[in-house]
Structure formats: C-alpha cells, structure tokens
Amino acid sequence: MRYSQILIRTKKETPAEAEVISHKLMLRAGFMKKLTSGIYTYLPYGLAAIRRVETIVREEMNRAGAQELSMPMVQPADLWKESGRFSKYGPELLRFQDRHNRESCLGPTHEEVITDIARMEIHSYRDLPVNLYQIQTKFRDEIRPRFGLMRGREFIMKDAYSFDVSDEMAEVSYQKMYDAYNRIFERCNLDFRCVEADSGAIGGSFSHEFMVLAQTGEDTIAVCDSCNYAANLEKAIVAVSAVDHQEEKRGMVKVETPGKRKLEIVCEFLRIKPEKLAKTLVYIADGQPVAVLLRGDRELEEVKLKNYLGAADIRMADDQEVYDATGVPSGYLGPIGISIRLLVDREIIALTNFTAGANEKNYHLQNVNAGIDFQVENVADLRQITESDPCPTCGADIRLVQGIEVGHIFKLGTSYSESMQAMFQDSEGNENPLVMGCYGIGVSRVVAAAIEQNHDEHGIIFPVPLAPFQVSILNLGNKDNQISAAAETIYRQLIDAGIEAFIDDRSERPGIKFKDADLLGFPFRVTVGKRYTEDTMVEVRRRRDGHTKEIPIDQVVELLQRYLDEECKER
C-alpha cells in the first residue's frame, strides 16, 4: 500500500474528547472518526487492524470445530420475552417499534436468536455437539460511552454458542473454547491473564474472563505469580484466616459513644484500630433489607453479596431506610439483637474481642466474640481481596493489577433452552433441554487494548500480528531518481516475500514522515535517503526498542524476515 493512495489523516494535537491513550492515538492516527456518542466509522487503516484480529479469531474458532454463521442485529422482542430478559436486561437494551408497532431491539448479544435457531434445527443427540459463531456488530446503549473503542455503544464482537447433550459434554466444549481463546491472545502477542469471573447479565454457572494487562484497565484482578491463580475482585476467593487463640476472650462491655457514628471517629474515640471494629452495612436486596457484618478496614464486594442472596438487584440503603428497617440510626448498628437478616463475612469468625454497634443510639459494644455473644447462621466470603491476603490456592503473595476485558466464556447450562423450549431427543427417545455455552471476544476492543499495552510518547507500537502493515518504507528523496528507485525495489521485494509493506511516497519533509511512522506504529521501518546515494546503505529500525542497523539493500528482506520471526516468538 502507498501512503499517497490510502485515506490516512494524522493529527498533531490530541482531540479534547479523548481520555485514555488508545482513544487519543487512534484518533490522532486516523483509525476512526466519531459519528455520534459512542459510535465510530472505522477508516481504512483502523479497519485493517481490526481485520487482523478477526483473521486470528476466525482461524482459531474454525480450528476448534466451530461453524461460522451471521445473525441479524435487529431482534424481535418476543424472543427476549421468552427468555425473560426483555424486562430484566436494563436500559442498555435499545428497544423500539417498527411501522407495524411490533416490538424489537438492537442485539447487544445473541443468546435468544441462537437458541431459536437451535430449537428449529437441532432435534436429535446425533446432531450434537454443535458450536456456532459469528463476527458481527453489536449495540449496547451505554449511559456514558467513553474511552473510544473501550466502552462504545456500537462495537464488533465475536460470539459463539455451543450445544451439547449433557453437562459432561458441555465441559468438553468449554475446554475447547478455553484453549482456543488462549491461542488467540497468544497469537495476538498480548500480555494477558485468564481469570475466574462472575457471569453477570448473561447468566450461567461458571465463567472466565480474558484480561489484557494494562495500567489503564477498568477492572482490577488478583493474580498469583507462583501458581498462576487469577480472578477478578468480584470472584476472588479470600483465604480463611486462623482463629487468634493467643488473645483471651473477655467479657462484653457496653460503652457510650455520644455522636460518634463514623468508623474513623469511633476508632479514634475508643483508641482502637479499624481491624478491631466490625461494621454493619445495610443493603436493599430485591426490595428487602439485609445486614452485612465485616471488618472495619475491609470493603464489601457487592457482586459476592448479590450472588450469595441470589438477588436480581442490590443497593446500599440510605439512612432513612436503615432506620425504618432496624429502628437504629446508621453508625450504631451491630450483630447482637439486630432485627433484620444478618450475613457475616468469614473473617469475623476469626476476630477476637472486637467492637461493634450496640443497636442503640450513642452506644457501642466492646469485646464482642462471634459464637459467644451472638450466633452466626449465615456466613460467607463477602469482602474484596487485598494484596495483604495470601493466594487462596498456594498461599503465596497476591498482586492486584489492572486489566482490560477482551474475552469472556460462560457455562450457560439449560437456562435459555428450558425457557425457550430448545429440546433434543436422546438415545432412548426422551426429550431433554440442550446444554449451552457462550463465548465472546470484543474484536474492536482487542485493538484498543493492544494499543493501551503497546505505546510510547511517540505513538503506537503494534505487535506484529496486529499491525495493518509490518514494514514502512520511507522514501526521503522523492525528487532523487536513485533513492526513489531503491525504495520501490525494496517495496516490491518485500511484497514478493509475503511481507505486508507500506511505502511513504509523499512529497513531505523527512521529519513528518518519521513522526507519522512512529505514530502509526509500524513494527519496522526502512529508511532510504542520502546514505543510499553515497554507499548504497539503507537503515532498518525496530519500533519497539529503537534498534537500528545499516545494511546493503540486498540484505533487507532477509533481515526483516528474521526480525519478524523473532518478534512473534518473543511473546
């Protein structure tokens, strides 16, 4: 491809709308153009990067035995009502009516559509297993689209759905997708981790997320470098601490704490540390109040609470709701004599002689001990993991790092097939619901995540497999026939060798060409300038580390082939 023939308009200044680095660099490099909030036109260079990801995804999905199809973006509401999600999904589901007043929606995902296909086309155990996938545009009406392709309203996604005769066979399909996803992100040359995750709005019994590690990631994940355990905060298991037997349990004492409601103020007033105080939080779960007891220096993980309760919706109660439910002002709640259901974080069981609210205004209790002063009926892992916690698998240190979710796989089970009557006949003639799995990759988000992980102050540093072009040739002497002929020779030789080459044949100053090459992120650059007219030498530069080498023109192809092989093997 020639620069003079491709629609690329680079920018020196960062657009004001851009926040994260991938958004800034994509707009500056002419990847895309904003049409409206959260919706972008992919321009040729940006689309080429997306197509690189699509190719890798398609090859690995086909290798795993999945079959590609294409489903409509517009979906009838009737299907979503069958699954029960039309009213539950939330405002991200864009609902509308056609001219005949039929309700429809723009597909944020395709579980309902694929289940409808399965119930029409799959009838016998002999038809199974089946895995169907597509690469298609999705739409989710985000309340606050931001970060460019990281959280847009319209995006490109690969979604796949497996159908099996049993949970055991569904596990086989799930493992195939797990392996395929690892191969996909390895081939993309990305630093990623697969983490245990919550299934969220999609549903299902078990799931894994694939996270690209980057400082700008929205998700925090707990990782162990010793055993490769990894989970996001909402799923990370907190190891149970041993009960402290060294401290003798003392008798409970009621103390006056006039006007002391805030945790920090109570601790200062009583001269105790936050880890020796148990706080009681009140949440409204599906309209009903529930209290949660956890250590004062810990944070509740709301997803763990929601999953434990099996609730569709939870939120923290306000002060009036707390008083209406318990008869006690916020700040003085405690586990002894509380009038609503109490859930206790597992860590409280190991806590000795702690302080808690007395369920009476202006009073707290000291030297409280679970199992002695109050009975624990509902105990669970409810708090967020911290870096001071040991790995739940091997006991080594845990690190909390930021990640960008680029893939998510789910074990759906029979929730959709049962609600939509997608059945098959087994070998004995019995009707059974299809056992399903669901597997998604944010294709356009992979490109953004790759840039978040691979950039410097000059621009993008594309991993070789994702680069729209692997080598850029800079012709620094457009008016010099000898330089131009050499640049054209290298360009043709690279293409003949199967290397994706890009030649900057513009009549621009060298400085502009150098800056644009760095901004656009070509993995390698070949510069043909005055040095060639002097001793027929050209410069080959590796973008990732700036390593340069001057070589004769007849060695360029061989050197770049070696460099490209090395780049792909390094990660």
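Modeller: Strand β18 is joined to β19 (residues 363–368) by 3 bridges, and the two run antiparallel. In this predicted model, local features need pLDDT of at least 70, side-chain atom pairs count only at pLDDT 80 or more, and totals for chains, interfaces and linings use all residues. Residues are numbered from 1 along each chain as its sequence is written, and side-chain values use heavy atoms, with hydrogens and water left out. Strands (E, at least two residues) and helices (H or I, at least four) are DSSP runs, numbered from the N terminus, and two strands pair if DSSP finds at least two bridges between them.

Within this pairing, alanine 356 stands opposite leucine 365 of β19. The sheet is open and has 3 strands in the order β13-β19-β18, with antiparallel pairing. β13 (253–256) and β18 (354–357) are at the edges with a single partner strand each, so one side of each is left without a neighbour in the sheet. On average, neighbouring strands of this sheet are turned by 30 degrees against each other, direction ignored; the axes behind such angles are lines fitted to C-alpha atoms, and angles run from 0 to 180 degrees between N-to-C directions.

A side-chain contact comes next. Lysine 254 lies over the face of tyrosine 363, at 4.7 Å from the ring centre. A charge sits over a ring if NZ of Lys or CZ of Arg is within 6 Å of the ring centre and within 35 degrees of the ring normal. Lysine 411 lies over the face of tyrosine 174 at 5.0 Å from the ring centre.

Now the backbone. Most residues other than glycine have a negative phi, and most peptide bonds are trans. Arginine 271, in the loop between α6 (263–270) and β14 (278–285), has a positive phi of about 60 degrees. Arginine 271 is exposed, with a relative accessible area of 78% (exposed means over 50%, buried under 20%, partly exposed in between, with a 1.4 Å probe and protein chains only). Asparagine 189 also has a positive phi, near 60 degrees, but counts as buried at 4% relative accessibility. The peptide bond from leucine 128 to proline 129 is cis, with omega near 0 degrees.

As for confidence, the chain averages a pLDDT of 91, and 97% of the residues score at least 70; pLDDT is the predictor's confidence in each residue, from 0 to 100.
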